[in-house]
Amino acid sequence: MSAPTRPAGGATGDDPARPVAPASPAANGPTGPTGPTAGGGAVDRATPGRAGSAGGRPRRLPVSYVLPLRWADDAGLAELTDYLRWLATRVEVTVVDGSAPEVFARHARTWRGLLRHVPPDPALNGVNGKVVGVLTGVRAARHEHVVIADDDVRYDEIGLRAVHRLLHRVDLVRPQNYFDPLPWHAYWDTGRTLLNRALGADYPGTLGVRRSTFLGMGGYDPDVLFENLELIRTVRAYGGTEAAPAGLYVRRLPPDTAHFRGQRVRQAYDDLAQPARLLTSLAVLPALAAAARARRPGLLLGAAATTVGLAEVGRRRAGGAAVFPPATALAAPLWLLERGVCAWLAVGRRVLFGGVRYAGTRVRHAAHSERALRRRLH
């Protein structure tokens with residue numbers, strides 16, 4: 001399969017334009033935080049009723065927003081509906097809802113006339129229901145520029161416009177999520193985010209993609225666990241370009257504590273698709289044991305300080321101090337220790353059980369390598 005044709009100027013990596021910080025509450029929808037512009041530049045703040053329209057209505061972007069959903073209950077329905085109501089005045093919104101029939105029916109009543117609400121395409125099969133939802137939603141999208149987002153992602157208008165602008169130049173956009181509010185476990189998990197930022201780019205709960213590229217490459221595999229990495233790698237293998245602007249911040253709601261705890265081994269299983277990261281994680285416990293046997297507490301303190309310093313580099317990158325509080329860097333050693341334990345548990349589940357449990361089934365593959373995807377596509 002041949003690679004797509006792109007306009008000149010598309011590039012992989014950070015976008016050279018100035019970073020984009022979270023907007024004021026008026027521009028961010030119902031519950032958005034305030035924050036200075038990352039990097040110190042000025043950003044126009046759009047307010048409801050004045051978002052680029054002289055007629056008093058927000059100017060709609062030629063963007064399709066796809067939200068794959070599968071809820072067991074509706075504890076967050078009112079808050080999500082407020083966000084979707086704001087969002088639907090600015091972009092086309094499609095919710096692909098794989099919830100149980102009674103929950104689906106309640107959503108249909110709540111969102112009637114507000115957005116497109118559809119079930120996953122029954123002709124599509126895959127163990128990862130989120131990917132099936134994305135495949136359904138992107139096919140149904142009416143615009144070339146598509147934002148794919150989890151149900152806990154909360155864009156502001158500046159973020160939507162930034163993704164739309166970048167998709168004129170590249171095939172895939174990878175924004176940077178940050179948690180707000182910040183309960184203890186969100187601090188903990190932000191340590192992971194900061195280390196990813198220091199060493200490259202983080203993996204957010206939202207991506208922007210060109211529909212023509214997505215359809216041209218045939219979508220992506222619905223039988224993997226780390227679906228965002230699979231989509232990123234599939235675009236690259238197809239010959240597409242990527243932008244990962246470290247300063248394009250998009251808010252994310254933290255999970256509840258029980259959900260966070262239930263994700264620890266599953267998220268560590270993602271590292272099976274990234275051998276260098278997996279080996280680093282697996283080395284944490286042996287390194288700690290060796291330092292303890294040698295009675296060298298200084299080594300442990302030095303390793304912890306180095307990890308905090310690295311996280312601080314990620315926190316300050318591209319104006320990140322605007323959305324990542326200073327104390328979040330202190331969580332990085334704790335997260336690394338947790339990942340060191342969970343990595344061994346993840347490998348054990350692969351060896352002993354053939355995969356990790358996810359949404360009532362067992363998934364073997366975290367994601368495919370770019371080499372394997374390139375062979376499949378070309």
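**Entry 1: Glu227 and its surroundings**

I began with Glu227 and looked up its contacts beyond four places in sequence: they are Asn128, Lys130, Val131 and Tyr220. I note here that I am reading a predicted model. Glu227 belongs to helix α8. Is Glu227 buried or exposed? I found a relative accessible area of 12% for Glu227. Buried means under 20%, so Glu227 counts as buried.

Next I followed the helix itself. Helix α8 covers residues 227-238 and lies across β4, β6, β8 and β9. I looked up its direction too, and α8 runs at about 25° to β8.

**Entry 2: The sheet**

I then turned to the strands. I found an open sheet of 7 strands with mixed pairing. Reading across, I wrote down the order β3-β2-β1-β4-β8-β6-β9. Which strands are at the edges? They are β3 (116-118) and β9 (242-243), and each of them pairs on one side only.

Val96 stands opposite Val118, which is in β3.

A helix turned up on this sheet as well: α2 lies across β1 and β2. I noted that α2 runs at about 160° to β1.

**Entry 3: The cores**

A rule I keep in mind is that nonpolar side chains tend to be buried together in soluble globular proteins. So I looked for the nonpolar cores here. The largest one has 33 residues. Tyr65, Leu84, Leu87, Val93 and Tyr155 have the most contacts inside it. The elements giving two or more residues to this core are β1 (63-69), α2 (77-88), β2 (92-97), α3 (101-111), β4 (145-149) and α5 (157-166). Which element gives the largest share? That is α2, with 7 residues.

I also found a second, separate core of 23 residues. Among its members are Ala141, Ile148, Met217 and Val235.

**Entry 4: Tyr65 up close**

I went back to Tyr65 and listed what it touches, again leaving out residues up to four places away in sequence. The list includes Tyr83, Leu87, Val93, Val147, Tyr155 and Leu160. Tyr65 has a relative accessible area of 0%, so I wrote it down as buried.

**Entry 5: Aromatic pairs**

How many aromatic pairs does the whole structure hold? My search gave 8. One of them joins Tyr65 and Tyr155, with ring centres 6.1 Å apart. Why is this pair called edge-to-face? The planes of the two rings are at 85°, and over 60 degrees counts as edge-to-face. This pair links distant parts of the chain, 90 residues apart: Tyr65 is in strand β1, and Tyr155 is in the loop between β5 (153-154) and α5. Tyr155 is buried too, with a relative accessible area of 0%.

I looked up another pair, Tyr203 and Phe226. Their rings are 5.1 Å centre to centre with 70° between the planes, and the pair is edge-to-face. Phe226 counts as buried at 11% relative accessibility.

I also noted a cluster: ring pairs link Tyr65, Tyr83, Trp86 and Tyr155.

**Entry 6: A charge over a ring**

Arg264 lies over the face of Phe260, at 4.0 Å from the ring centre.

Conventions
Residues numbered from 1 in each chain as written. Predicted model: local features only at pLDDT ≥ 70, side-chain atom pairs only at ≥ 80, totals over all residues. Heavy atoms only, no water. Core = buried A, V, L, I, M, F, W, Y, C linked by side-chain atoms within 4.5 Å. Buried < 20%, exposed > 50% of the residue type's maximum accessible area, 1.4 Å probe, protein only. Helix = DSSP H or I, 4+ residues; strand = E, 2+ residues; numbered from the N terminus. Contact = heavy atoms within 4.5 Å. Pairing = 2+ DSSP bridges. Axes fitted to C-alpha atoms, helices over the stretch in contact; angles between N-to-C directions. Phe/Tyr/Trp six-rings, centres within 6.5 Å; stacked < 30°, edge-to-face > 60°. Lys NZ or Arg CZ within 6 Å of the ring centre and 35° of its normal.
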